[in-house]
Amino acid sequence: MYLKKISEEIVRRYESGNPTAGSELDRREVQLLVIQEINRRLKLEHAQVHLQLGESVPPHAAIATYDITFSDLLTTTERRKTCTQLEKPFPGSYWTTPSGQYWTDDAGNYWVITGHQCNILVTQDPTNSKVYEIAFSGMTAPEGITFEDIVEFLTETRDGYFELVGVLGTPLTAFSFSGIDNLAATSDGFTFDYNIDDALTGQYDDLISVVQQTVIEIPGKNTVTDSIEIINLRKCIYENLPTYSNKSKATLPTQPINLPRGMGVWKLFSASDPFVSFIPVSSGEMFLYSGRISGAMDELNVYEYHDNKTLIVNKSVTDIPSDMKIQLLVVDPEQLGEYDLLPIPADMEFEVIASVLTILQPQRQSDETNDNNQNIR
């Protein structure tokens with residue numbers, strides 16, 4: 001029987017005849033009740049009959065295939081330091097390859113013969129004893145970079161600092177952005193005002209540990225010009241960046257039939273490789289194997305049916321194929337059109353009609369006065 005036909009039969013019986021335009025019962029509501037009743041009966045039949053015979057799939061259930069998208073299981077934020085430096089070092093003498101590329105170590109440090117020679121001058125502000133002008137002079141900008149570019153690189157409103165890379169000849173090595181003001185380029189370098197109180201106020205402990213020595217040394221360097229040697233400028237920023245779990249989750253596109261051991265989720269696979277599917281594990285097994293033998297589980301592609309609508313996979317989003325599909329055992333209203341045959345035998349159709357009519361049958365409200373009257377039977 002079609003979904004539309006069985007729904008109309010229920011409405012006719014409910015209305016005791018053909019429904020009128022003013023009928024209080026909507027056919028779509030009846031169709032939803034029919035689907036729910038079919039799901040219930042298929043589950044009951046499967047548990048009482050088919051499981052006893054060793055059948056894992058209800059014979060009348062439909063296997064529907066859906067696209068499924070995964071997202072990170074847990075997203076939090078963590079304060080991290082990110083450092084960058086000028087694309088090229090200041091002019092100096094460096095070890096290079098025959099093709100002219102700079103030799104660097106794994107951390108990006110240059111193999112230096114002699115660095116860039118320049119000067120740094122500290123001058124106290126006459127109106128504020130906590131403010132000092134820091135002037136870098138005698139510099140030659142790196143190839144393809146101007147001092148205006150350097151000023152733009154060092155102009156920063158986020159928490160952080162910049163430091164002199166490979167510096168020799170001065171204890172002034174790192175400057176907090178919170179203490180810098182009036183940063184400007186000159187013909188042979190750049191200058192800025194540095195407030196040694198603001199440089200340390202409200203900063204992270206690890207940032208303070210980097211810039212504190214410079215703050216301590218600056219007053220003793222007033223009007224002193226240091227001849228220094230540097231290689232580059234490095235900028236380090238502190239930001240609250242998202243961190244992601246090594247597991248991911250997905251919301252099921254529809255509710256599968258609720259079967260033992262999560263058999264309603266029939267198959268999870270990649271469309272490009274449908275014969276290699278993910279392996280289901282029982283609820284809690286991912287946690288159970290998260291200890292010493294977690295490596296064995298990590299080698300496999302497994303998923304856990306977490307609740308009625310969520311899957312958890314033991315892979316991060318970046319490790320999961322983008323063309324994932326899922327097959328569910330369903331009787332889904334979106335999959336069954338009005339003129340689709342119902343996935344049930346003929347003898348079950350009468351039972352479905354009777355059950356839905358029972359649900360729709362108006363219930364008489366209790367009359368406590370009469371119900372408690374002993375003379376009324």
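Hi everyone, let me start with a lining: nine nonpolar, four polar and three charged residues surround the largest pocket of this chain.

Before going on, a word on the source. This is a predicted model, in which local features need pLDDT of at least 70 and side-chain atom pairs count only at pLDDT 80 or more, while totals for chains, interfaces and linings use all residues. Residues are numbered from 1 along each chain as its sequence is written, and side-chain values use heavy atoms, leaving out hydrogens and water.

Back to the pocket. Its volume is about 290 Å³. Of the 16 residues lining the largest pocket, R261, G262, P280, V281 and Y303 are the closest to its centre. How is such a space found? Rolling a probe the size of a water molecule over the atoms shows where empty space is left. Here a pocket is an open set of points on a 1 Å grid over the protein atoms alone, where a 1.4 Å probe fits, with protein on both sides within 12 Å along at least five of seven lines; lining residues have an atom within 4 Å of a point. Points are joined across faces, edges and corners, and the volume is the space filled by probe spheres set on them.

Strand 15 (265-270), strand 17 (279-281) and strand 18 (302-305) each give at least two residues to that lining. Strand 15 has the largest share, with four residues.

Now the whole chain. It has eight helices and 20 strands, taken as DSSP runs numbered from the N terminus (helices H or I, at least four residues; strands E, at least two). Of the 377 residues, 38% are buried, meaning under 20% relative accessible area, with exposed over 50% and partly exposed in between (1.4 Å probe, protein chains only). Among contacts with a separation of 6 or more, 72% join residues 24 or more positions apart; a contact means heavy atoms within 4.5 Å.

Next, helix 4. Its 13 residues, 205-217, reach 19 Å from first C-alpha to last, close to the 18 Å expected at 1.5 Å a residue, where the expected span is 1.5 Å times one less than the number of residues. Where is the kink in helix 4 centred? On V211, at about 45°, the bend being the angle between axes fitted to the seven residues ending there and the seven starting there.

L207, I208, V211, T214 and V215 are the buried residues of helix 4, and they pack against strand 8 (160-165), strand 9 (174-176), strand 11 (189-195) and strand 13 (232-244). Take V215: it counts as buried because its relative accessibility is 9%. Leaving out residues up to four places away in sequence, V215 touches Y194, I196, A199 and L200.

Is T223 buried or exposed? T223 is exposed, because its relative accessible area is 57%. Phi of T223 is near 65°, a positive value in a residue other than glycine.

Last stop, H116, which lies in strand 6 (residues 116-125). H116 is buried, at 5% relative accessible area. Its C-alpha is 8.7 Å from that of P89, 27 residues apart along the chain.

Note on methods: Nonpolar A, V, L, I, M, F, W, Y, C, P; charged D, E, K, R; others polar.
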